[in-house]
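Here is my note for you, written as numbered points. Please keep the model open beside you while you read, and look up each place as it comes along.

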Amino acid sequence: MASRGAGVGLEMEKMSLEQLRALKEQADLEFNLFQDSLNNIRTATARLEIASTALHDLSLRPQGKKMLVPLTASLYVPGSLDDADKVLVDVGTGYFIEKTMVEGKEYCERKINLLKSNYDQLLEVATKKKSIADETGAILQAKLKQVAPIQ
């Protein structure tokens, strides 16, 4: 792997200033997109973990228990627990599926595991992009210092 990285560095040293600037700009842009994706995955994972905890808490409540039911993020209405073994799971794009409590918890766990796996893979790619951007920036700076005395 190290020899491959050195080869890439040698290729970059042969590039013009314009090519290096374009490569650095592209690598920075891609890294920022990966960062945004990583943040979105973190947010989705946190929401699923909250949902999983809520399902667990709900399973412990007795039937007929009075509670506040969320209609939106900030609007709650009074209600009572009818059947704690049946839950509606939001599977995206406005679709809900009725599942048992156990199936709902399993769904959350599967999604959390998938997101964590995706996060780890994306983090590896983002780290490589950051490394390329940093290496390109260093070579660009070195070339600019070489050119500066001439001008």
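1. Let's begin with K129, which is partly exposed at a relative accessible area of 23% (buried means under 20% relative accessible area, exposed over 50%, and partly exposed in between, with a 1.4 Å probe and protein chains only). Its partner is E30: the two form a salt bridge in which the closest N and O atoms are 2.5 Å apart (a salt bridge is a side-chain nitrogen of Lys or Arg within 4 Å of a carboxyl oxygen of Asp or Glu). This pair ties together distant parts of the chain, with E30 in helix α2 and K129 in helix α3, 99 residues apart. E30 also counts as partly exposed, at 21% relative accessibility.

2. A word on what you are looking at: this is a predicted model, where local features need pLDDT of at least 70 and side-chain atom pairs count only at pLDDT 80 or more, while totals for chains, interfaces and linings use all residues. Residues are numbered from 1 along each chain as its sequence is written, and side-chain values use heavy atoms, with hydrogens and water left out.

3. Now look at the two helices themselves, α2 (residues 17–59) and α3 (residues 101–147): their axes come within 7 Å and cross at roughly 160 degrees. Helices (H or I, at least four residues) and strands (E, at least two) are DSSP runs, numbered from the N terminus. The axes are lines fitted to C-alpha atoms, for helices over the stretch in contact, and angles run from 0 to 180 degrees between N-to-C directions. α2 and α3 are therefore roughly antiparallel to each other (angles under 35 degrees count as roughly parallel, over 145 as roughly antiparallel, 65 to 115 as roughly perpendicular and the rest as oblique).

4. Which hand does the crossing of α2 and α3 have? The crossing is left-handed, meaning that the near helix is turned anticlockwise from the far one by less than a right angle; clockwise would be right-handed. The residues of the contact of α2 with α3 divide into 28 nonpolar, nine polar and 13 charged. In this grouping Ala, Val, Leu, Ile, Met, Phe, Trp, Tyr, Cys and Pro count as nonpolar, Asp, Glu, Lys and Arg as charged, and the others, Gly among them, as polar.

5. How many salt bridges are there? The count comes to five. Another of them joins E49 and K116, whose closest N and O atoms are 3.5 Å apart. This pair, too, links distant parts of the chain: E49 sits in helix α2 and K116 in helix α3, 67 residues apart. E49 is partly exposed, with a relative accessible area of 35%, and K116 is partly exposed at 41%.

6. A salt bridge can also be found inside one helix. The side chains of K24 and D28 meet at 3.0 Å, N to O, and both residues lie in helix α2, four residues apart, about one turn of the helix. K24 is partly exposed, with a relative accessible area of 23%, and D28 is partly exposed, with 27%.

7. Back in helix α2, find S52. Is S52 buried or exposed? S52 is buried, with a relative accessible area of 13%. Setting aside residues up to four places away in sequence, S52 touches C108 and E109 (contact means heavy atoms within 4.5 Å).

8. A44, found in helix α2, is 68 residues from I112 in sequence and 8.4 Å from I112 in space, C-alpha to C-alpha. Q35 is in helix α2 as well, and the C-alpha atoms of Q35 and M101, 66 residues apart along the chain, are separated by 34 Å. For K128 in helix α3, the pair to look at is K128 and K105: 23 residues apart in sequence and 35 Å apart in space, C-alpha to C-alpha.

9. Finally, visit T93, in the loop between β3 (86–92) and β4 (95–100). Phi of T93 is near 45 degrees, a positive value in a residue other than glycine. Most residues other than glycine have a negative phi. T93 is exposed, with a relative accessible area of 77%.
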